[in-house]
Amino acid sequence: MSITSNDITTVYEESNATQHYLSPNRKDNVKVCWEEAFSRFVFKQAILSIDTPARKKLRVLDVGAGIGDGYSLLSDLLAQEPSLDRYNLDYLGIDISPEMVETANNLYKNNINVRFEQADIRKKIPESLFDLYLSCGVPYSHLTHEELETVLKILFERILKHQCRCAVVIDVLGKYSIEWQPHWGESRWNYNMSFFKSEGEAKPTLMSFYSHDHLEKIIRSAASEVGCPIQKLAFFDRSIVVGRHTSTGAFNPELPEYRNLVNSLLDQNQKTDLNKLILQVGSGDAPEYIIEFFHKFSGLWNTIIAEAAELLHEPLDVDRLKLPSHLESLDVLIKQNFANPSLTDDRQRIEFALAEKLQQLETTCQQGYGVGHDLFGVVWLDTTNC
Ligand SMILES: C[S@@+](CC[C@H](N)C(=O)[O-])C[C@H]1O[C@@H](n2cnc3c(N)ncnc32)[C@H](O)[C@@H]1O
């Protein structure tokens, strides 16, 4: 069943989404230190593969832009990365919600290279040429699977017509996130737009969830129908253990509040009960390779927790695995934390180092299977000779 533009706009307005997006409270430690860093990493991969020394301008279309988080992530990335700091951003954000667009245009009224327009991606895609078709905050999950394929077909047709090299970032909800394990058998269901527990209940809305296989099938089918060659495809899982609904408990109430626990590791005023961080993922309605992924991933996660617990003289009864060599040693990370003047005791240094190592695990051991809160599909297209 398709939903109307009005339905989506109403859900956001009734959930006070604009207020949520403007609130500093939504920027918890996990969002700032883990999620935003990971999104910038994905955007960087997208840009690097279309980068040429001659390119000076990056024309960006941000689909479902909200109040412009995509712009803020991108401009931070370009400022941080010496290899990309020559780029000038020319950014257009589109969003179905007039309220979001008005708020975003007010926020960025002094930036001449940034504009926001109201548009439903299912009905209107700006005609001009872009280097990066961005999305973040899972806007494409509002569309049915069929609508996503139709939108991608139109997008790929445009790209073919423009004869260009560009990247398309498609951010959707991961089908096999532990946040909603009871729903693993479904790929479109009533999702609750509540953001954090403190914000209470919000209106449920139908959202689409994707495994890597399903998203890849849709992308390839859209491209082949319009004859647009795909140069390269990659998938990335973001927030495997720390998705925000591990803390709201909205869809899997049995789950420990992993996001709050990791926030606590990163908060020097809190002492974290490491035992609660132990990850156990039962067998849900998922293919064998997903169950195997979680088996391996939770083994590594729990080994890291046990390592830190031992240093705190609070040993945990956990079967330990050999950790991959690319994960930095906890001792090294703890030593580095001696240089941080705000960390004044050993427990804080160990908790910070533990958070850092768990983040390395989430970032480097994800396979892009659709096991996190977000699944990013990145498509690189080169239609210059078409
Ligand atoms: C969760 S928000 C993400 C906003 C922003 N990208 C961010 O990362 O903060 C999803 C956004 O997608 C927008 N959206 C949903 N369906 C859309 C559609 N069909 N066309 C354009 N925007 C849409 C919503 O209005 C909302 O602002």
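**View 1. Polar contacts link domain 1 and domain 2.** Between domain 1 and domain 2 there are 10 residue pairs in polar contact, with both partners at pLDDT 80 or more. A polar contact here is a pair of N or O atoms within 3.5 Å, one able to donate a hydrogen and the other to accept it, and residues adjacent in sequence count only if both atoms are side-chain atoms. Keep in mind that this is a predicted model: local features need pLDDT of at least 70, side-chain atom pairs count only at pLDDT 80 or more, and totals for chains, interfaces and linings use all residues. Numbering runs from 1 along each chain as its sequence is written, and side-chain values use heavy atoms, with hydrogens and water left out.

**View 2. Salt bridges across the interface.** The rule picks up two salt bridges between domain 1 and domain 2, taking a side-chain nitrogen of Lys or Arg within 4 Å of a carboxyl oxygen of Asp or Glu. Arg259 pairs up with Asp28 in a salt bridge, with 2.7 Å between the closest N and O atoms.

**View 3. The two domains side by side.** An automatic or database domain assignment puts 5–240 + 373–382 in domain 1 and 246–364 in domain 2. Their C-alpha centres sit 28 Å apart. On contact (heavy atoms within 4.5 Å), 28 residues of domain 1 meet 33 residues of domain 2.

**View 4. What gets buried.** About 2,600 Å² is buried between domain 1 and domain 2, and carbon and sulfur atoms give 62% of that; this is the accessible area (1.4 Å probe) that two parts lose on being put together, summed over both. Trp34, Ile178 and Ile240 supply 30% of the area domain 1 buries against domain 2, more than any other three residues.
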